Amino acid sequence: MLTDKELKKKYLPVFSKNPDKYYPVGVLKGEGFSRLKCNKCNKMFWATDSSRKLCGDPACNPEESFSFIGKSPAKNKLEYQEVWHKFSKMFRDLDYTPIKRYPIVARWNPTMEFTNASIAAFQPYVVSGEASPPANPLVIPQFCFRTVDIDNVGISGAHNTVFNMIGQHQFIEKSKWNQEKVFRDIHKWLKNGIGLKNEDITFHEDAWAGGGNLGCCMEFFSRGCEIGNQVYMLYEQTEKGINDLKLNVLDMGMGMERNAWFSQGTNTIYDATFPHVMKKVFGSIGLKFDKKIIECYVPHAGLLNIDESDDIKQSWKSVAKKVGVDVTTLRGTVLPLAGAYSVAEHARSLLVLLGDGALPSNTGQAYNIRVMLRRALGFIDKYKWDVDLNEVCEWHARDLKVIFPELSENLEDVKKIMDVEIGKYNSTRQKSKQVVEAVIKKNVSIKDLMRLYDEKGISPELIAEEAEKFGVKIEVPDNFYSLVGELHEKTEKKHAIKSKLGINLNDIAATKVEYYGDYSINKFKAIVIKVSGNYVILDKTYFYPTSGGQIHDLGSIDGHKVVDVIKEGDVMVHIMEHEFDIPKDKEVLCIIDKDRRVQLAQHHTSAHIINAAAKRILGNHVNQAGAYKQVDKARIDITHYSALSEKEISMIEEEANKIINEKININKSFVERGEAETKYGVGIYQGGVVPGKMLRIVEIPEVDVEACGGTHLNNTSEAVMIKIIKASKISDSIVRIEYAAGNAAKKESNVESKLLEESANILGVNKKGVAIKASEVFKYWKETVKKNKKVKIEYSGDEEDLSDKEILEKTAHVLKTQIEHIPKTLKRFLKEIN
């Protein structure tokens, strides 16, 4: 398999040799463009000036880079939100349907954590033809997150971590594909929307590859600025080679921020995108800078792009020379201004990410959310600015309310998460000075800086600042935050699951699955399709296989025990306790262990109920991150930024049981993927993406809707009751809730009541002692008993990580074995709270 870069390199010559087949040549010639070859990069490009030697890409002519600043050729000066208003209106008139954006957290896409382009909203299933798009053709204002640009923010004046990519998309049969029409549409935007003359535009022929797909594309430039790129996705890469896609896919993407910046010709993209917020930030911090130096600097700021500079120190020298000052003066002028722009840009990014349900983490791309937040706080601390990040988020939310009202609706959730993260940052900063003093006594390497930031959250700027007090100079790499972010973005490659049974399933028809309907059916007849040792395959089955975090059913086939059920592709294999002879095509009686089936269904439906209850109590950022359901108990992992307090656990349990007592009918149906996403939203993907064109939707009306293939109850009341056993934080952004439902919940409650009564009896407390709250007992005896050296406490950790049952077991053990050493004050306390 070739990499994306290798694919582009291989196929660009193929596309260029046959431009009439791959590019909209007819429209270009009709508009007066000539096909030319760049003397620098050797790529083919189109321009109205046939004598032109360079293509217009800043890489080929650095002097042309950002030459639109202060002198944009655009006739129409567009404010940020005006770009989408005008674009969507124009394209609606061209028969495109404007749709709402998808969340930036790509829950529907198994290949990525966050959307990085507008087409990501429709990958992989719409692009592959497996699901229908919400409209066709369509345009969309899609927020995207690209972590590689963190260190460039503020410095280059052109980069964002979160930006909005306007997408022009179409998913169409090859026979209906009209490349010239879709190109003419985007050309109309350049001419009439932005107001460019043809002589101010150059179109570049190129190749594009990504996500296993390949195609040709046309990039459009003006005055050293790439405004957008229209990709014609035609092929897919497989292990056997390049194949035609079932559909031709149009993928035009252009930055909303870039269009506003280019049309206005402001110094930076930030001044064009959120000028009102920048005015407030500058007003808060009172930043003063040499405007003449900045005016000379901004046309050359693109040369400090860390991703494209081979020697960033030399680039600073080169830019300083062009500006006419020394490097120290230039950095002293530019860096504080870049810091102010970064604070505003990062706050906007955090508003979108956290508002859409992302949480800072120590793993994956979500780690960069924390990096970004701490980078902004670092600037505020370094320059001693009086600015509140939460307030900056509010400014952005008000600014964007017209086209993205949901950002204002989620502000409370954003503030809660930000406050927790800011608290962690401040706590780390207070503890860091001693660590820094110890570190700077030796030579500090880049690895040391990365380790201290990664493990202890100590920013490199703080280390450099403290080192300076000791006369030690530490240089922080300009790409530091990109380097540290890369450490956490490594993700495991997904591999196809191969059969572990070693059974030949060739020519075996798919098993008809019946358990999606009524979970309570536990007897049925079926025809034997194949027997191999102790493996039995039937034409249909109600037996549930281990999948979706739920363990398998048990039971019997013609009186012989079924001990496991495994799904191999679309074939269900029943594993018997022993081998036995049973003829093919025989009708057999199958019986499922009903008590086990009911208990597992109670636990599975309860996972959905608890997930919904937690979202109501904790906030909209809560989503399922995983689950496991067995007979005696179950667990659900939810996304949350801190350990749950006992009050929160109690409130979630209370809310879950309230849902049970409302006796809500549960709807189960199969819906086409695209239709399901349009009707219910991408929140249907909880704990992972369910594959397939048709999704089984489990809906508890007004409570929860999920794509799920498990066995589920018919009414919430059938769960009987939910008892939360324990809640613990298992990672930086995930909390695990262990629970029981139905009979399993009753057993847990009985055990807890028994322990409480036992503790009360030992202490001589009357029978009302069963009302004692376990945590109150535990905290009191822990604080009181630890003062008495005769009492041994075998305990480590935080009581928040203990279940009530574990607390009571420990309490009862101490009371039983060390009663003579228990202070009278504890007995008195127990009687008081009783």
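Biologist: If contact means heavy atoms within 4.5 Å, which strands does helix 19 lie across?
Modeller: Helix 19, residues 594-618, lies across strand 21 and strand 22. Its direction is at about 125° to strand 22 (axes are lines fitted to C-alpha atoms, for helices over the stretch in contact, with angles from 0 to 180 degrees between N-to-C directions). This is a predicted model, where local features need pLDDT of at least 70 and side-chain atom pairs pLDDT 80 or more, while totals for chains, interfaces and linings use all residues. Residues are numbered from 1 along each chain as its sequence is written, and side-chain values use heavy atoms, without hydrogens or water.

Biologist: What order do the strands of that open sheet have?
Modeller: The order is 20-21-22, three strands with antiparallel pairing (pairing takes at least two DSSP bridges). Strand 20 (667-672) and strand 22 (704-707) are the edges, each pairing on one side only. Neighbouring strands are turned by 25° on average, direction ignored.

Biologist: How many bridges join strand 21 and strand 22?
Modeller: Four, with strand 21 covering residues 694-700. Glu699 stands opposite Val705 of strand 22.

Biologist: And which strands does helix 21 lie across?
Modeller: Helix 21, residues 673-680, lies across strand 20, strand 21 and strand 22, at about 120° to strand 20.

Biologist: Changing topic, how many helices and strands are in the chain?
Modeller: There are 25 helices and 24 strands, counted as DSSP runs from the N terminus (H or I, at least four residues; E, at least two).

Biologist: What share of the residues is buried?
Modeller: Of the 834 residues, 54% are buried (under 20% relative accessible area, 1.4 Å probe, protein chains only).

Note on methods
Contact means heavy atoms within 4.5 Å. Buried means under 20% relative accessible area, exposed over 50%, partly exposed in between (1.4 Å probe, protein chains only).
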